[in-house]
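Student: Can you walk me through this one? I'm new to it.

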Amino acid sequence: MGDADKGTGQVSPSRRIAALDGWRGIAILLVVFDHFQDSLLGHYAYSWTQTGIAGVTVFFVLSGYLITSNLLKGTIDLKKFYVRRFFRLMPTAWTYLAFLMLMGFFLGWPFITDRGLLGSLFFYRNFLPLPLDLSGHFWSLSIEEQFYLIWPGVLLLAGVKRAKWLVIAGVIVIAALRLSAWTYYNGVSAHTQVRADALLWGCLLAILLSGPEANRIARLLRWSFVPALAVFLYFALTVHPLSPLPELAAIATMIGFAVTNPRHWSVRLISTRSLAWVGTVSYSVYVWQEFFMQYRSVWALFVAMPLFAIASYYLIERPCNRFGHRITARSAVLADARKNEAEAASAGALN
């Protein structure tokens, strides 16, 4: 991923975009701002300060965009994709779950139940009651894992053109389902069938910015930031437990704007090193913050939790992520070597 290529509007996959890390930083700050209020005060300061769902929704759209962009870089290699996803996500998540089990064993307190553990390990935690234990926040990780299990295969089998129309159909169907049963789903807002379109908006953005219409999309996005930001803030601050279609479209638009307009003042603002760093460690922060919320203390939330999250990133998440990339790169080199040997042997047999 990188700046828009000159003359095409397409996004180059060669460089990491700091603005997207900045968006991750904004997303995790929205989440912890929400959760810390609830922890320290026992309630929200105002109704509009419930920003957690908006933050998670930004994460979903980002995930859809980034995963699809990476898959579209070349030939889709499912083995490589899943090995890298495993080492990117599972070590940190499993460490947290093991930590809850050990703490429960030594302290005699049910930090995690059998139902919560199984739901978190097998990616259906979002269909269980959220306050069940200290794995409630794994609802969003479960939705993302379900997406990772399905979407790469769909993209591979359907191809980009058909996948684009499947994504558009999915966005329409999920939005219609959510709207038709809004009162019911407001009470069970973690279910996949009313959340997955946030990921699909990111998928659609990636497909559009990598295809022949990229130049036209980039021109449309050039003037989109202010209206998209206004729409996002309106819906985020009116506190919908479910994110409606206009909010999802606004998030996708702002992400697309950041990708295609790297020199705009707003993009430079969210690309600052400090905010991008917060985005870089956001996964570890998200995984660990739930445990410390229960203590309802400034020390736990502003000292202990950041220390655990930073240690988790540098000692678990980043090394394991690099290991996953190393072993897939090594496998690719070995596969190329075997292919060259086979071609040489075939050529020798023909001579």
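**Helix 9 and beyond**

Tutor: The buried residues of helix 9 are F225, A228, F232, F235 and A236. Buried means under 20% relative accessible area, exposed over 50%, partly exposed in between (1.4 Å probe, protein chains only). Helices (H or I, at least four residues) are DSSP runs, numbered from the N terminus. This is a predicted model: local features need pLDDT of at least 70, side-chain atom pairs count only at pLDDT 80 or more, and totals for chains, interfaces and linings use all residues. Residues are numbered from 1 along each chain as its sequence is written, and side-chain values use heavy atoms, with hydrogens and water left out.

Student: Which residues are exposed on the other side of helix 9?

Tutor: V226 and Y234.

Student: And what do the buried residues of helix 9 pack against?

Tutor: They pack against helix 1 (18–41), helix 2 (52–71), helix 8 (214–221), helix 10 (245–260) and helix 11 (265–270).

Student: What comes just after helix 9?

Tutor: V239, which takes a positive phi of about 60°.

Student: New topic. Where is S312 found?

Tutor: In helix 14, residues 298–350.

Student: Is S312 buried or exposed?

Tutor: S312 counts as buried, because its relative accessibility is 4%. Leaving aside neighbours within four places in sequence, S312 is in contact (heavy atoms within 4.5 Å) with T92, S284, W288 and E317.

Student: What about L307, buried or exposed?

Tutor: L307 also lies in helix 14. L307 is exposed, with a relative accessible area of 55%.

Methods: Helices (H or I, at least four residues) and strands (E, at least two) are DSSP runs, numbered from the N terminus.
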